Structure formats: structure tokens, C-alpha cells
Amino acid sequence: MKSLNKFNLTVTSNSANESFIRSAVSAFIAQLDPTIEELSDIKTAVSEAATNCIVHAYKDTIGKIFITCEIFENRTITVKVRDRGCGIENIKQAMEPLFTTGGSERAGLGFAVMESFMDKLYVKSKVGVGTTVLLKKKLSVRI
Amino acid sequence: MSVRTESNERVLTVYLDGEIDHHTAKGMREVIDKSINELMPEVLVLDFKDVTFMDSSGIGLVMGRYKELKKCGGELHIINTTPHITKVMKLSGIERLAKLGKAEK
């Protein structure tokens, strides 16, 4: 797949940046003229990935979140959200709907949202090293 | 993000406004729980008409309020959700706990 455009963004894991991260991705993708539904889906999935970094990866600390958003030919986009936080011990369990270690106010649906709103979701993680989430979606062809 | 509440003897209506994510949900939760504890409503109505974005933190917010409400035996209604918010809600199966619908005239 040929890459057509790309941006990198590094932000600190303050919760106020959740909105900034999804808005930045959404503004970049706007050049493809996505549907409102596609844009909402991507914003929501990115918001989940960023929130995971803030709530889980850097639970009691502040660290860096690295975002790479890339546009490929055939209207395919990828968003990579990477942290150098605590890592996930059991990815399979973490991805189960309703599973959470985040307390009673967390729904445990972050990965379920990413999976259902995007075409592909890849998660790579190592305890003590960090986690990388890659989200991929092919946008519909606008006539 | 802002929260406005309106109440009569039985019904507490909460008008949510803006974006609901992990960052904003905390403030919303505090306002709603304060009203629930003061009023012990029979019905809590959460109005999503002016909510422009919501991720799964919104589900956590709704589920948490459902649990609070159950303590005083109340019922939860969720109204005026946009297609995007309905999609997020349905993923959680929350419609089994709360009534989803439009505003009653």
C-alpha cells in the first residue's frame, strides 16, 4: 500500500488531551471528505485508544503518547497510538467486552468500540515497555 | 461540557451538553449524583440532545448512574440520542437496563 500523507503527534497523557487527539486525527482525515458516520467512528475509536494510554498505561504518572496517522491509496487510513507505559499482561482478557481494571465508572468497552467501529485492530504490548494499538479503516468512495 | 438539571417531585431531568469522554465525564457525574442523592427521583431522564460526541466513557457514566439510581429504586430513561450515540449505547447493551427513546411531549 502506497502512503500518500502522514502526520506524527506527541502529546503528554493529560486527560484534557483526549479531545485534542481525536480532533487532530479528525481534522487530518477531513481531506478525504469522509461521511459523518465514518468520522464519528474514527474519532470514537481514537478517543478509546488515547483514553487507554491515560487511564491504564500511565495510570499514576504522566507520560508521552505517540500518534501517527497515515493516509494510503484506496482511501485507507491508519492511526497508530503508542505509549511507553505499563503494558498489558493479558491482551486477550483486556480485549474482552466489559473487562476492566479501571473501576466502576469504566465500562470496559474500549477495545470493543475500536474493534466494532474500525475495520482492523492490532494490539501489541509488552509489560514494562508499552503498548501499540493500530487502527485501520477503508473509507467509502464518495460520488 | 455543561450539565443542567430540572426536577419535579418524581422526575429528575438532566440535560447533558458538549462532548462526553473520560476527561469530562467526572464533572458530569458529580453534578448528577448530587441531584440523585438530594432528590431520590423515581425517574432519571438523561437528555443527550446537545451531546456532540461520546465514547465508552459515556457508557460508564450511564451505567454508574443506573447503579446509583437502583439504590433508591429509580428508573432510568435515555432520550434524544443522535445516531452516533445510539450506536455506542447499543454496543454496551444498555437498552436492557434503561429505556431509550425520544422526549415525551
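Guide: Let us begin with B:Lys87, which is partly exposed, with a relative accessible area of 27%. Please note that this is a predicted model.

Visitor: Which residue does the side chain of B:Lys87 meet in a salt bridge at 3.0 Å?

Guide: That partner is A:Glu37, and the 3.0 Å is the N to O distance. The pair crosses between chains, from helix 3 (residues 83-92) of chain B to helix 2 (residues 36-57) of chain A.

Visitor: And A:Glu37, is that buried, partly exposed or exposed?

Guide: A:Glu37 counts as partly exposed, at 49% relative accessibility.

Visitor: Which other residue has a salt bridge with B:Lys87, at 2.9 Å?

Guide: A:Asp41 does; its side chain meets that of B:Lys87 at 2.9 Å, N to O.

Visitor: How many salt bridges are there between chain A and chain B?

Guide: The count is four. Over all chains of the structure, the search finds 14 salt bridges.

Visitor: What else describes the contact between the two chains?

Guide: On the side of chain A, 25 residues are in contact with 21 residues of chain B. About 1,900 Å² is buried between the chains, and carbon and sulfur atoms give 54% of that area. There are also 12 residue pairs in polar contact between chain A and chain B, both residues being at pLDDT 80 or more.

Visitor: Which elements give two or more residues to the side of chain A that touches chain B?

Guide: They are helix 1, helix 2 and helix 4 (110-117) of chain A. Helix 2 of chain A supplies the largest share, with 10 residues.

Visitor: Let us turn to chain B. Which residue forms a salt bridge with B:Asp33?

Guide: B:Arg65 does, and the closest N and O atoms are 2.6 Å apart.

Visitor: Are B:Asp33 and B:Arg65 buried or exposed?

Guide: B:Asp33 is buried, with a relative accessible area of 15%. B:Arg65 is buried as well, at 1%. Both values fall in the buried class because that class means under 20% relative accessible area.

Visitor: What does B:Lys34 pair with?

Guide: B:Lys34 forms a salt bridge with B:Glu38, with 3.4 Å between the closest N and O atoms. The two residues are four apart in helix 1 of chain B, so about one helical turn separates them. B:Lys34 and B:Glu38 are both exposed.

Visitor: Which residues are joined into one network by salt bridges that share partners?

Guide: The network consists of A:Glu37, A:Asp41, A:Lys137 and B:Lys87.

Visitor: And B:Ser35, where does that lie?

Guide: B:Ser35 is in helix 1 (residues 22-39) of chain B, and is buried, with a relative accessible area of 10%. Beyond the neighbours within four places in sequence, B:Ser35 is in contact with B:Thr5, B:Leu12 and B:Met40. From B:Ser35 to B:Ile20, 15 residues apart along the chain, the C-alpha atoms are separated by 19 Å.

Visitor: Now the sheet of chain A. What is the strand order?

Guide: The order is 1-2-3-5-4, in an open sheet of five strands with antiparallel pairing. At the edges are strand 1 (3-12) and strand 4 (120-126) of chain A, each of which pairs on one side only. The twist averages 10° from one strand to the next.

Visitor: Over how many bridges do strand 3 and strand 5 of chain A pair?

Guide: Those two strands pair over eight bridges, in the antiparallel sense. One of the residues involved is A:Asp83, whose bridge partner in strand 5 of chain A is A:Thr131.

Visitor: Which strands does helix 2 of chain A touch?

Guide: Helix 2 of chain A packs on the sheet and touches strand 2, strand 3 and strand 5 of chain A; its direction makes about 10° with that of strand 3. Helix 1 (residues 17-29) of chain A lies across strand 1, strand 2 (64-72) and strand 3, and runs at about 170° to strand 1 of chain A.

Visitor: Finally, is A:Thr76 buried or exposed?

Guide: A:Thr76 is buried, at 6% relative accessible area, and is found in strand 3 (residues 76-83) of chain A.

Key
Residues numbered from 1 in each chain as written. Chains lettered and ligands numbered in written order. Predicted model: local features only at pLDDT ≥ 70, side-chain atom pairs only at ≥ 80, totals over all residues. Heavy atoms only, no water. Buried < 20%, exposed > 50% of the residue type's maximum accessible area, 1.4 Å probe, protein only. Contact = heavy atoms within 4.5 Å. Pairing = 2+ DSSP bridges. Axes fitted to C-alpha atoms, helices over the stretch in contact; angles between N-to-C directions. Buried area = accessible area lost by both parts, 1.4 Å probe. Polar contact = N/O pair within 3.5 Å; in protein donor to acceptor, adjacent residues only side chain to side chain.
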